[in-house]
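Me: I would like to go through this structure slowly, asking what stands behind each term that is used for it.

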Amino acid sequence: MKIILIGFMGSGKSEVGRELSKSLNLPFIEMDKLILQKSGRKNINEIFENCGELYFRKLEEEVAKQLATLEEAVISTGGGVVLDRMIIACLKNRPEDTVVWLATKFATICERLKNDKTRPLFADIKNAKKLYKARKTLYENYADMTIATNDKSIEDIAYEIAKGIGEL
Ligand code: S3P
């Protein structure tokens, strides 16, 4: 069983994923970390600045392909994986796999990321809002389960997911 967490930047995929992996006793995989390792760069900004977004997307696809053989894991994705159908197909390739969308209001995300300097696609808030609007439908379409995360704790969200997939 794999649980694939999708959602916009700042929706809590990493924190929820870590918590969920502990409670379900499954390995936790963070795609952005694997991308960083592959790139040999220090951070995501550096990849975008030096090699461009397209290169980042190429690495993201390569990491997704590597993960296709995994049978059990909680996977925290980057907010942009829904731009590439192939990535989702690599991650969700068994009937028991579940894609969970952490749906968070844009205002909540802005509050969370107001001092964040690690996300190149959130540097310009107007642009980020456009991305948010454009991606909403994609998250919706890929989601087997949607969790509205506003005002919920990490623990509560992880609990809701575990319950939703019948693991509690
Ligand atoms: C991106 C989201 C980031 C990271 C990269 C691109 C996106 O991950 O993959 O900066 O396109 O939305 P988080 O969703 O973990 O911030």
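Me: How far is an oxygen atom of the ligand from an N or O atom in the side chain of Lys13, and what makes such a pair a polar contact?

Reply: In this predicted model, the distance between the ligand oxygen and the side-chain N or O atom of Lys13 is 2.6 Å. A pair of N or O atoms counts as a polar contact if it lies within 3.5 Å, so the pair at Lys13, with its 2.6 Å, is called one.

Me: Which distances do Asp32 and Arg135 show to an oxygen atom of the ligand?

Reply: For Asp32, a polar side-chain atom is 2.9 Å from a ligand oxygen, and for Arg135 the corresponding value is 2.6 Å. The ligand exposes 390 Å² when taken alone, and the protein buries 95% of that area.

Me: Which residues come nearest to the ligand, and how is the shell around the ligand made up by class?

Reply: The ligand has 13 residues around it, of which Lys13, Arg57, Gly79, Arg119 and Arg135 come nearest. Sorted by class, the shell holds five nonpolar, three polar and five charged residues.

Me: Where does the ligand sit?

Reply: Its place is the largest pocket; the word "sits" is used because more than half of the ligand's atoms lie within 2 Å of the grid points of that pocket.

Me: How many helices and strands does the chain have, and why is the chain called as compact as a globular protein of that length?

Reply: The chain has eight helices and five strands. Its radius of gyration is 15 Å, close to the 15 Å that the globule rule gives for 168 residues, and therefore the chain is as compact as a globular protein of that length.

Methods. Residues numbered from 1 in each chain as written. Predicted model: local features only at pLDDT ≥ 70, side-chain atom pairs only at ≥ 80, totals over all residues. Heavy atoms only, no water. Near = heavy atom within 4 Å. Polar contact = N/O pair within 3.5 Å; in protein donor to acceptor, adjacent residues only side chain to side chain. Areas by Shrake-Rupley, 256 points an atom, 1.4 Å probe, with all protein chains shown as cover. 1 Å grid on protein atoms, 1.4 Å probe; cavity = no way out; pocket = protein on both sides within 12 Å on 5 of 7 lines; lining within 4 Å. Nonpolar A, V, L, I, M, F, W, Y, C, P; charged D, E, K, R; others polar. Helix = DSSP H or I, 4+ residues; strand = E, 2+ residues; numbered from the N terminus. Rg over C-alpha atoms; globule rule 2.2 N^0.38 Å.
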